[in-house]
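Biologist: Please take a close look at the charged side chains in this model and how they pair. One connected account would do, with the cut-offs stated.

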Amino acid sequence: THVEIPASLANTVIKVSCTEAFKNYYKDYTFKLERNNSEIVTFVKDEPKAAFIDGYRVTVSGVLTTETGAEKTFMQEYTALAAATAYNMVFDVAGTGSGAVTITFNNTVETVELGDVELND
């Protein structure tokens, strides 16, 4: 008997990428996806993999190291991500010395303040 079973992606897919400007400003970086203070996945510098997650709620955090060795951190929560959807989270610098990182996620751009950034630190 010939049987057809429809299959579809039920999870949300998240991939992290960074612009060249971001990579030039931050010599090292790590991003984590977490939920309820439990780590789901870590993306290290230039990580090409994507994460398959349940998208009802996820917290994205990062540790960014500047050229001078200063570390900056951030945390941003996202809710109600669509199932069967792939998202590319793109990190960029808001402007040299501005103390902010822009995150483009789901066609929405958010600015996350990292505090004052001293260029000659």
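Modeller: A salt bridge is taken here as a side-chain nitrogen of Lys or Arg within 4 Å of a carboxyl oxygen of Asp or Glu. Side chains of opposite charge can pair when their charged atoms come close. The model is predicted, so local features need pLDDT of at least 70 and side-chain atom pairs count only at pLDDT 80 or more, while totals for chains, interfaces and linings use all residues. Residues are numbered from 1 along each chain as its sequence is written, and side-chain values use heavy atoms, with hydrogens and water left out.

By the rule above, the model has four salt bridges. One of them joins the side chains of glutamate 20 and lysine 23, at 3.9 Å from N to O. Both residues belong to helix α1 (residues 20-25); they are three residues apart there, which means a separation of about one helical turn. Helices (H or I, at least four residues) and strands (E, at least two) are DSSP runs, numbered from the N terminus. For accessibility, buried means under 20% relative accessible area, exposed means over 50%, and partly exposed is in between (1.4 Å probe, protein chains only). Glutamate 20 is exposed at 54%, whereas lysine 23 is partly exposed at 29%.

Lysine 23 also forms a salt bridge with aspartate 46, at 3.4 Å from N to O. Aspartate 46 sits in the loop between β3 (38-44) and β4 (50-53) and lysine 23 in helix α1, so this pair ties together parts that are 23 residues apart in sequence. The relative accessible area of aspartate 46 is 48%, and this residue is partly exposed.

A further salt bridge pairs glutamate 77 with arginine 57, at 3.1 Å from N to O. This pair links distant parts of the chain, 20 residues apart: glutamate 77 is in strand β6 (residues 71-79) and arginine 57 in strand β5 (residues 57-66). Both ends are partly exposed, glutamate 77 at 43% and arginine 57 at 24%. As for shared partners, salt bridges join Glu20, Lys23 and Asp46 into one network.

Arginine 35 is another case. Its place is in strand β2 (residues 26-35). Arginine 35 is buried but has no salt bridge; aspartate 54, the nearest side chain of opposite charge, is 5.2 Å away. In assigning charge, Lys and Arg count as positive and Asp and Glu as negative, with His and the chain ends not counted. The side chain of arginine 35 does reach the backbone oxygen of aspartate 54, at 2.3 Å. Polar contacts are pairs of N or O atoms within 3.5 Å; within protein, one must be able to donate a hydrogen and the other to accept it, and residues adjacent in sequence count only if both atoms are side-chain atoms. With contact meaning heavy atoms within 4.5 Å, and neighbours within four places in sequence left aside, arginine 35 touches Ile40, Ile53, Asp54, Gly55, Tyr56 and Arg57.
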